[in-house]
Every structure is written in structure tokens, then in C-alpha cells.
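I opened this notebook to record what I looked up in the structure, beginning with a single residue and then turning to the whole chain.

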Amino acid sequence: MATSTVAAGVNLPARAVIVSDTTIGLERIEVSMVQQMFGRAGRIGAGEREGWAFLLTDPQERPHWQARLAAGYTVRSRLADQLADHVLAEAVQDRLATRDEAERWWNGTFAAHQGNDSILPVHEAIRFLTSAGCLRPAAHGERLEPTPLGMLTSRFMVDSELADGLAGALRHVSVPDDPFAAEQVLTSVLSEGLPVLEQAPFTDRARNALARALREMEQEHGEEPDDPWGLGLPGEPTPEEDEVALRAADFARAVLMLVAVRPRLFRGRPSYVLGVPMESMTGLLEEAERYLSWLGAQGQLGTVHPWVAVVAGDLARRIRWRSLEPHRGAGRLLWMCEQMATAPSALTLVPRLWRAARDRDIAAPDWRSTTPPADCALPADRYRRLLADRASEVRLALEEGAAHVTAPAGATVHLWNGTATALHHTEEGPSSLSLPPAIPGDPSAARTGAAVFTRGDHRASGWLEAYAAMRS
């Protein structure tokens, strides 16, 4: 490999040594490691006031590194940019539990060392996390503890402020009346609320192709056409399509809706989808999948409307395993495959378990056999516990303002009347639960339903039954 010396002859004074602390690894500042190594070239205290450092790089990368090194040797902390996320992570890991401990933690960071020694940002972060439901006062004293939502937010590594904004926007949305409308709402909120999606760059040709696809999907109301689209390059856009009256976020929404409505286009990891390079879609799909997974995992917590949890969880798994061509309702079967494969072997075993199930026309994880499938990586006892976590035996019926529910003990039952919701936890045997009163002025007040969430699985009434299994 040809190399070139970028820093040959660069004289680094001893005072250029970079100071760091444990937070520098979290802040992931590009070039800082190189600068720190260069800073050690001289031996402070041994009579040397300067040292020499050399960086070997490909000729193609030489201009990049020259520009970065010539720009100076100052490393700036970016901890304050996402301070709430770092405070939450420290609380979840039980490294701070009071405001005093948060202040001491902050004073030991690189950001504080650089002169940002005010403790107000930490107090603001704690106030935000408390208002967002991620932290709460402990039962005794002035201690703070992470809530189940806070632990979930930290585990999924979503931006807490962006995530809270998404949840807030969804709280003010009327309950949709069918699966396609629900997926439209979710993808719209994500595309407008996540910068990675809202600012996704597309060429003019890609924008025209996505605009055309979005219009066709909306016209079809989610129904599969008789002649599904192929994977080839589309024709040149018409002059009318050159003038696309869509916002930037709509193109990201079109990509998400293609996965939701046209899964065949993503089968087998294609390089292009409707002429749009797959690599231009990958980043926004992965970002959307993470936040959808966060929303879907809140079903048991009751912190989002049940329709949001059901639809988001299903769509997240369909995005994650899009190369398998999963259709609406595939989320429960994909969840079962993930659990049987276990996380370390998921990339290899989930496709094998999925194909084995589909070859047998299995569309949901509700089989009665207690014998693990051939590729199941779980030991027998854990497989039996997994069977108990399913929602296969859940029964739901709505009549005269009440829900009649049969579900495993300890499951979460979430009832709704439009945007008004009520949360219950089941005990042994069937139960009858009253639906909550409607909120005055709610346009979706007539849309009622019930959903049951177990550990990872769910069943729901009404149009949400479309997410119990794939249609044959």
C-alpha cells in the first residue's frame, strides 16, 4: 500500500498535550485520538520542550488529515449536546441518584474542565428527564431513580428529547381507523420528527420516483396491486413529476411506506429499489427502526396509545428483517424467531427459522407443539418459558361499553375510547373491564378497543387484529 507522511516536520510543543477524561470515549470526537498520541511525542519533565509525530496514510486520505491537523489541536467536548441522555445513562447504571451526585459527576467531565462549570445544564437535564417520565423521585428522601420508560429509553439508545417529542406528537393524533392510515401516521410523525429522516438527501430522480410511489400507495389505500412493482430501474420521470410539491420529510416517509406496503421490493437485499440506491435508504431505515422499536416496547408500560405500540412494534420488525419480505402482521412471528435464535445468532438463525415457518404456512407464533424447532437455540426450559410469554390464549370481546378479557395473569390490558385510555393488569380467570369515557371534542371517540400485552407479545381487537398474523 502506498503511504505518505502527513505530519513529517510538524513540531508539536509539549504544551499541546490533550487533556481527557472518561467521557471523551463517549463523545466520539473524530481525530482526538490521533491528537492525543501526537501530544505524547515530547517527554514533559525530561528536559524536552518539543517532539515529532508522523502519520502514515493513503494518498487519497492525505488532504483530509492535513486539513484537520492544520486546523488546530483543540478538542472540544460535545457532552452538553446530549446531556440528558448521559445523565439518564448514569442513573440507569446506578452511578448517580441525587442532584449532588449529578453535580459531582458533571464537575469531573471534560466539558466542565473546558470552562463550562455551571451546574445549571445538569439541573435542566434532570428537570427534562423528570417531565418526560424517564426519572422520578424515589420513595424516600431526595433520591432520583430511572422509571421503566427511562430504562427503556437508555437501552434503545434513542435521543431522549427526540423520543419525547415523537411521543408527544402521537398523543395528540386521532386514533386511525385502519392499518394503512396508522402506518401513514407513524411514518409521517417519524419523518418530520427525526432529523436523519427529515434531512435525508435524495437526487432529483430518486425524489421523483419516491413521490410517484407515494401517490400510488395512497391511491390504493394499502391494497396490493395485481401486478406488483418489479425491482428494475423506473423510466424517466414525466415533466409533471419533475415539479414535486412535497416536503423533504415526505421522501423519507415514502421509503418507510415502501417497506410497509411493498415488502417484495426489498427481498434479498437489492442494490436498487425503484431506481433509488439502497445505500441511500439504509441509514434512515435503521434510524426509524430504532425509534419504532422503542415505541413498540412500551405496550406493557402503557406510556403510548395501544395502537401506537402494536403498529410500531410490527413495523419495526418488518423494517429490521426487510430482506425476508415480511408483510403486515409478521411482527409476532419475527419476534418469536428472534427469541428462539437469541441475539448472538439472530442474523444467521432468524432467516432460517422464518423460512422454515413460512414453508409450513405458519403466519403467527401460536402453534401448540411444545417441541422446539430444529434451529431453536434455546434450551428446553427457556423454550417452555417463551411459550408462556406468548399471547396465544388471549381472548377479547367488546360489548356495551365493556371489554371481556381472558389473558395470562400479570398481562397488561389497555383499553381505549378514542384517545382516552385505561390501563389494567390481569389476574387469574376472565374479567370484564369498563371502557374509559371519551374526551370531549375527540373526533375519534367512537373508535374503541382493547389490547393485551405480555412480555414481548400482544393481541388486540378491531382493525389491530391485522397485526396478529399475516394474511394467507
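Predicted model: local features only at pLDDT ≥ 70, side-chain atom pairs only at ≥ 80, totals over all residues.

**Entry 1**

Next I looked up the polar partners of its side chain: I found a contact with the side chain of Gln184 at 2.9 Å, and another with the side chain of Glu218 at 3.3 Å. Setting aside neighbours within four places in sequence, I listed the residues in contact with Arg253, and besides Gln184 and Glu218 they are Thr187, Ser188, Ser191 and Leu214.

**Entry 2: the nonpolar cores**

I turned to the largest nonpolar core, which has 66 residues, and noted that Leu285 and Trp307 touch the most other members. Among the elements that give two or more residues to this core are helix H10 (179-193), helix H12 (204-220) and strand S14 (448-453), while H14 supplies the largest share, 10 residues.

For Trp307, again leaving aside neighbours within four places in sequence, I found contacts that include Leu170, Val185, Leu186 and Trp463. I also noted a second, separate core of 24 residues, with Leu324, Leu333, Met340 and Tyr383 among its members.

**Entry 3: the whole protein**

Finally I recorded 19 helices and 15 strands, and that 49% of the 472 residues count as buried. The accessible surface comes to about 23900 Å², of which 51% belongs to carbon and sulfur atoms.

Methods. Residues numbered from 1 in each chain as written. Heavy atoms only, no water. Polar contact = N/O pair within 3.5 Å; in protein donor to acceptor, adjacent residues only side chain to side chain. Contact = heavy atoms within 4.5 Å. Helix = DSSP H or I, 4+ residues; strand = E, 2+ residues; numbered from the N terminus. Buried < 20%, exposed > 50% of the residue type's maximum accessible area, 1.4 Å probe, protein only. Areas by Shrake-Rupley, 256 points an atom, 1.4 Å probe, with all protein chains shown as cover. Core = buried A, V, L, I, M, F, W, Y, C linked by side-chain atoms within 4.5 Å.
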